[in-house]
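Hello,

Here is the structure I promised to pass on to you. Please have a look at it first, and then read my notes below.

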Amino acid sequence: MRAWLNQQKMLCISYALFHSLIQYRAYGNGDFTVIEYEAHETDMPKRQPEGQERRTVKISFQEIIEDTPIIAAVKDMEGLEKCLSSDLRVIFILFGDICNIGSIVNRIKEAGKIAMVHMELVSGMSGREIAVDFIKQNTKADGIITTKSGLIKYAKQLGFYTVHRYFVMDSMALSNIEKQAGVCQPDVIEILPYTTLFRSEILPGIMPGIIKKVSSFSRVPIIAGGLIQSRQDVMTALGSGAVAVSATSHEVWFL
């Protein structure tokens, strides 16, 4: 009996010392020990006032990509499995269909990463708001990527992170970026070169200037995408004003 009481005493004392919530006094006559304790109201967890819900503050997409400025742009299941073993936080899903997009997103979420679905690259999706509803209701995706400003506005209403993707081919495209980004206000814009068989070799040298130009008039953060193949490409893009880069290159994911 004495051993059991002493064991209870030690448990109480350990709890008090660990949590710093309890004052205790121990006394006894050799045959038993009594533990008195009192909890301090100021130390106890605060009760949530009735009628008030606890609110969770959502981290901005810009904060997430600034913390990990390389984004994996994944085109197939092999690439998906590979990028999940990296330290990257954000995954751009550039493949799939309406039958398997839910399982693709689940795989990413199980790995503790942010899943962004490219609306135009998922087979079976339309360019209409109902497609965004489908992603919201049938997947655990964190956000969408799209070239359509209307879908950006609607996705923001549903609480999605949003990436507005632009392909830059001429000065008119730059003008469109300036006009649309201010209207639909995505979380970030992604700029990619418009490549052709004849122009893809020269565009990497042009992109830093385009990024600087866009960052000079846009208040929306910029992701540089396309043709990111090396550490130097990453550093050049970030040095030109991009907050992050998206890359399909497996080597870049593990820099």
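Two strands count as paired if DSSP finds at least two bridges between them. With that in mind, E5 and E6 pair over three bridges, in the parallel sense. Please remember as you read that this is a predicted model.

**The whole protein**

The protein has 255 residues, and 39% of them count as buried. Its secondary structure consists of ten helices and ten strands. Among contacts with a separation of 6 or more, 56% are between residues 24 or more positions apart. The accessible surface comes to about 15,000 Å², and carbon and sulfur atoms hold 51% of that area.

**The barrel**

Eight strands form a closed barrel with parallel pairing, in the order E3-E4-E5-E6-E7-E8-E9-E10. On average, neighbouring strands in this sheet are turned by 25° against each other, with direction ignored.

Val74 has Ile93 in E4 as its bridge partner. Helix H4 (residues 101-110) packs on the sheet, where it touches E4 and strand E5 (114-118). The direction of H4 makes about 155° with that of E5.

Which way do its residues point? Gly143 and Ile145 point one way from E6, while Ile144 and Thr146 point the other way, and all of them are buried.

On the E7 side, E6 and E7 pair in the parallel sense over four bridges. One of the residues involved is Ile145, whose bridge partner in E7 is Val163. E6, H6 and E7 together make a right-handed β-α-β unit.

**Two loop residues**

I also picked out two residues in loops. The loop between helix H2 (61-67) and E3 holds Thr68. Is Thr68 buried or exposed? Its relative accessible area is 14%, and the cut-off for buried is under 20%, so Thr68 is buried. Leaving out residues up to four places away in sequence, Thr68 touches Asp87, Leu88 and Arg89.

The other residue is Asp187, in the loop between helix H7 (171-184) and strand E8 (188-193). Asp187 counts as partly exposed because its relative accessibility is 24%, which falls between the limits of 20% and 50%. What does Asp187 touch, not counting residues up to four places away in sequence? The list is Phe61, Phe160, Tyr161, Thr162, Val220 and Pro221. With Thr162 there is a polar approach as well: a polar atom of the Asp187 side chain lies 2.7 Å from the backbone nitrogen of Thr162. Finally, Asp187 and Ile222 are 35 residues apart in sequence, and their C-alpha atoms are 9.3 Å apart in space.

Happy exploring, and do write back with any questions.

Best wishes

Note on methods
Residues are numbered from 1 along each chain as its sequence is written. This is a predicted model: local features need pLDDT of at least 70, side-chain atom pairs count only at pLDDT 80 or more; totals for chains, interfaces and linings use all residues. Side-chain values use heavy atoms; hydrogens and water are left out. Buried means under 20% relative accessible area, exposed over 50%, partly exposed in between (1.4 Å probe, protein chains only). Contact means heavy atoms within 4.5 Å. A polar contact is a pair of N or O atoms within 3.5 Å; within protein, one must be able to donate a hydrogen and the other to accept it, and residues adjacent in sequence count only if both atoms are side-chain atoms. Axes are lines fitted to C-alpha atoms, for helices over the stretch in contact, and angles run from 0 to 180 degrees between N-to-C directions. A crossover is right-handed if, with the strands pointing away from the viewer, the path from the first strand over the helix to the second runs clockwise. Accessible areas come from the Shrake-Rupley method with a 1.4 Å probe; for residues, only the protein chains shown count as cover.
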